[in-house]
Amino acid sequence: MPTETLARTVRIAARALGRAGLVHAYGHCSARIDADHFLVAPSKPLGHVRPGEACTLVPVHGPLPEGVLGEVRLHQRIYALRPDAAGVIRFMSPQAMALAALGRVPAMRHGFGTYFAPRVGLWDDPQLVRDDARAQGAIAAMGDSRGLLMRGNGAVVAGDSLEEALGLAFYLEDACRIELAALASGLADAPVIGPEAASERATKAGRIFERMWDFLTEGDPEGARQAGPQGERDD
């Protein structure tokens, strides 16, 4: 895929995260180019990213380029350790922040939660992840899941594409909402979805992630309605 086409997808995702309230002044998103490089959104509030604004090329291995936010090391570690990952989002949405501050992760209680089987990871350290050691530890805590909560510090998701990662960010925020509601209800035995049922429920069939992408990017000035999977235009 041409790098500029991928950069457009990164910008569209950045603005969608801002509109959905999944990020505020803080947060970043990226998309893999190849085994050795990825593009990260501009180092600014994602909702303020302008159409056509340059994204930054970052190596999967090695120092971060000048001006790139320190926590982009999380993106580096995910891309280095998970060859299947092609999109990463670091975000600080309200429900995820609240649940992470409690040092808890959401159980698989509804359909969206099943996409994080076997369970969402938890990095039990409130410090910003701005060095390789902490980044390595956080991704180890993520395990095989596609989502990670960071105590007092928000969340990270990794998808097979940035389009998928955007949907996963929405799903994780909603799973945290459900978990907080379960805690507030006082029902210690609130039902959960078992592994076999979760595996069946976490389908991608029926344009599951494409439809969420369309929903979250509707009206974007760079033509989100024409963007299909992997940022390709439908025309």
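Which residue of strand 2 does Ser-30 stand opposite? I looked this up first. Ser-30 faces Val-40 in strand 2. I keep in mind that this is a predicted model.

**Entry: strands 1 and 2**

I followed the pairing around Ser-30. Strand 1 and strand 2, residues 37–40, pair in the antiparallel sense. I find 4 bridges between them. Then I looked at what packs here.

**Entry: strand 4**

I turned to strand 4, residues 87–91.

I checked both partners of strand 4. Strand 1 runs antiparallel to strand 4, and 4 bridges join them. Here Ala-31 stands opposite Gly-87. Strand 7 also pairs with strand 4 in the antiparallel sense, over 5 bridges. On that side, the bridge partner of Gly-87 is Gly-159.

**Entry: the cores**

I looked for the largest nonpolar core. It holds 42 residues. Leu-17, Cys-29, Ile-89, Phe-91, Leu-149, Val-157 and Leu-172 touch the most other members. Several elements give two or more residues to this core, among them helix 1 (3–19), strand 1 (28–34), strand 7 (154–159) and helix 7 (208–217). Which element gives the most? Helix 5 does, with 9 residues.

Leaving aside neighbours within four places in sequence, Leu-17 is in contact with Leu-22, Val-23, Cys-29, Leu-46, Ile-89, Leu-166 and Ala-169. Another core lies apart from the largest one. That core has 22 residues, including Phe-38, Val-60, Tyr-79 and Ala-158.

**Entry: helix 1 against helix 5**

I compared the two axes. They come within 10 Å and cross at roughly 10 degrees. Helix 1 and helix 5 are therefore roughly parallel to each other. From helix 1, the contact uses Thr-9, Val-10, Ala-13, Ala-16 and Leu-17. From helix 5, it uses Leu-162, Glu-163, Leu-166 and Ala-169. I sorted these contact residues into 7 nonpolar, 1 polar and 1 charged.

**Entry: helix 5 against helix 7**

My last stop was the packing of helix 5 with helix 7. The angle is about 80 degrees and the axes are 9 Å apart. Helix 5 and helix 7 are therefore roughly perpendicular to each other. Helix 5 brings residues including Glu-163, Leu-166, Phe-170 and Tyr-171 to the contact. Helix 7 brings Ile-208, Phe-209, Met-212, Trp-213, Phe-215, Leu-216 and Thr-217. The residues of this contact divide into 10 nonpolar, 2 polar and 2 charged.

Note on methods. Residues numbered from 1 in each chain as written. Predicted model: local features only at pLDDT ≥ 70, side-chain atom pairs only at ≥ 80, totals over all residues. Heavy atoms only, no water. Core = buried A, V, L, I, M, F, W, Y, C linked by side-chain atoms within 4.5 Å. Buried < 20%, exposed > 50% of the residue type's maximum accessible area, 1.4 Å probe, protein only. Contact = heavy atoms within 4.5 Å. Axes fitted to C-alpha atoms, helices over the stretch in contact; angles between N-to-C directions. Parallel < 35°, antiparallel > 145°, perpendicular 65-115°, else oblique. Nonpolar A, V, L, I, M, F, W, Y, C, P; charged D, E, K, R; others polar. Pairing = 2+ DSSP bridges.
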